[in-house]
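Here are my notes for you, point by point. Keep the picture open beside them as you read.

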Amino acid sequence: MALPWSSTPEQCQPVAMLQSADHLLSLLLVIGTGGSMPSPQAPPQGCYVAEEAGERTFRCSQAGLSSVPTGIPNDTRKLYLDANQLASVPAGAFQHLPVLEELDLSHNILAHLSGAAFQGLEGTLRHLDLSANQLASVPVGAFVGLQIQVNLSSNPWHCDCALQEVLRQVRLAPGTGTGIVCGPGARPDLVGQEFLPLAGEEELCGAGRGGARRSTDVALLVTMGGWLALVVAYLVHYMWQNREETRRPLKQVPVLPMCSKDPSTLSTAV
Ligand SMILES: *[C@@H]1O[C@H](CO)[C@@H](O)[C@H](O)[C@H]1NC(C)=O
Ligand SMILES: *[C@@H]1O[C@H](CO)[C@@H](O)[C@H](O)[C@H]1NC(C)=O
């Protein structure tokens, strides 16, 4: 059986039909998406490019996103992905944005960040907002090498050794320290408490290096205290004995003449 387009004269017809079908499909798509035909270059729905204070800005706030969108222009300096449904940030999610300075991921449902989430932003990123998410922890490597001010407020933090280590690597955005509060997954006695004052007075890396060092210090202190007590006890004992010895001749001196003398002197004395 011969195919419709097998003969040379008819070859153009099916192609034209295909093209018109394609056209119809795009027309349907245009109608379906409310007139905004998505193309690889156009920003994702709900997102737009703006020029703010001379800086190329990409805004995707409240756009219903459940993953970091593609198609963000590579000259973006400020990126707003706040108030979406982002649950995680994969490794290298922003590494194609070589001049990104400000990244707002606040008010999402982030519970997990890759340790390499901000990889490639070491030279440029200055401000990172991770506030109002579901973060209980952040991989220790996530902020390494970044020169950022970060907002970590309003997350259910675990308040453990890992968080203590993470906070040693970043500067907090001014006034955001009090917003770091321990969440329900934290040690029961820490839940609801502000983390920074806790971390200041307690070494939370108890099982690690710090804890081992501290128990060694305690052991040393106890040993030294023991020795000191021994020395003091010996000194007291020595002094007591000396006092006994210096007193004894004094006691004995009056006794000896009394014994050697006759009772008459004793009677006169009495
Ligand atoms: C963005 O990509 C284009 C094309 O790949 C490139 O020519 C341009 O230098 C890039 N811009 C930046 C800021 O990297
Ligand atoms: C930090 O995040 C909290 C909660 O989203 C917000 O209220 C506050 O303004 C933020 N502060 C800064 C300095 O970004």
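1. Let's start with a term: rings of Phe, Tyr and Trp (its six-membered ring) pair if their centres lie within 6.5 Å, and a pair counts as stacked with planes under 30 degrees apart, edge-to-face over 60, and tilted for the rest. By that rule, ring pairs link Phe 94, Phe 118 and Phe 143 into a cluster.

2. Some housekeeping before we go on. This is a predicted model, so local features need pLDDT of at least 70 and side-chain atom pairs count only at pLDDT 80 or more, while totals for chains, interfaces and linings use all residues. Residues are numbered from 1 along each chain as its sequence is written, chains are lettered from A and ligands numbered from 1 in the order in which they are written, and side-chain values use heavy atoms, leaving out hydrogens and water.

3. Now the overall layout. The chain has five helices and nine strands; helices (H or I, at least four residues) and strands (E, at least two) are DSSP runs, numbered from the N terminus. Along the sequence they follow the pattern α-β-β-β-β-β-β-β-β-α-β-α-α-α. Of the 270 residues, 29% are buried, where buried means under 20% relative accessible area, exposed over 50%, and partly exposed in between (1.4 Å probe, protein chains only).

4. Back to the rings. Searching the whole structure turns up three aromatic pairs. One of them joins Phe 94 and Phe 118, stacked at 6.4 Å centre to centre with 5° between the planes. Why does this pair tie together parts that are 24 residues apart in sequence? Because Phe 94 lies in the loop between β4 (88-89) and β5 (102-104), whereas Phe 118 lies in the loop between β6 (112-113) and β7 (127-129). Phe 94 is buried, at 0% relative accessible area, and Phe 118 is buried too, at 2%.

5. Phe 118 also stacks with Phe 143, at 6.2 Å centre to centre and 20° between the planes. This pair links distant parts of the chain, 25 residues apart, with Phe 143 sitting in the loop between β7 and β8 (149-151). Phe 143 is buried, with a relative accessible area of 1%.

6. Another ring to look at is Tyr 80. The charged end of Arg 59 sits over that ring, 3.9 Å from its centre. (To count, NZ of Lys or CZ of Arg must be within 6 Å of the ring centre and within 35 degrees of the ring normal.)

7. Which residues surround ligand 2? They are His 107, Ser 131, Asn 151, Ala 173, Pro 174 and Thr 176, where a residue is near a molecule if one of its heavy atoms lies within 4 Å of it. An oxygen atom of ligand 2 is 2.7 Å from an N or O atom in the side chain of Ser 131, and for the side chain of Asn 151 the corresponding distance is 2.3 Å. Taken alone, ligand 2 exposes 360 Å², and the protein buries 50% of that; these areas come from the Shrake-Rupley method with a 1.4 Å probe.

8. Finally, a few loop residues. Gln 62, in the loop between β2 and β3, has a positive phi near 50° though it isn't glycine, and Gln 62 is exposed at 69%. Ala 83 also isn't glycine, and its phi is positive, near 55°; Ala 83 is found in the loop between β3 and β4 and is partly exposed at 27%.

Conventions. Polar contact = N/O pair within 3.5 Å; in protein donor to acceptor, adjacent residues only side chain to side chain.
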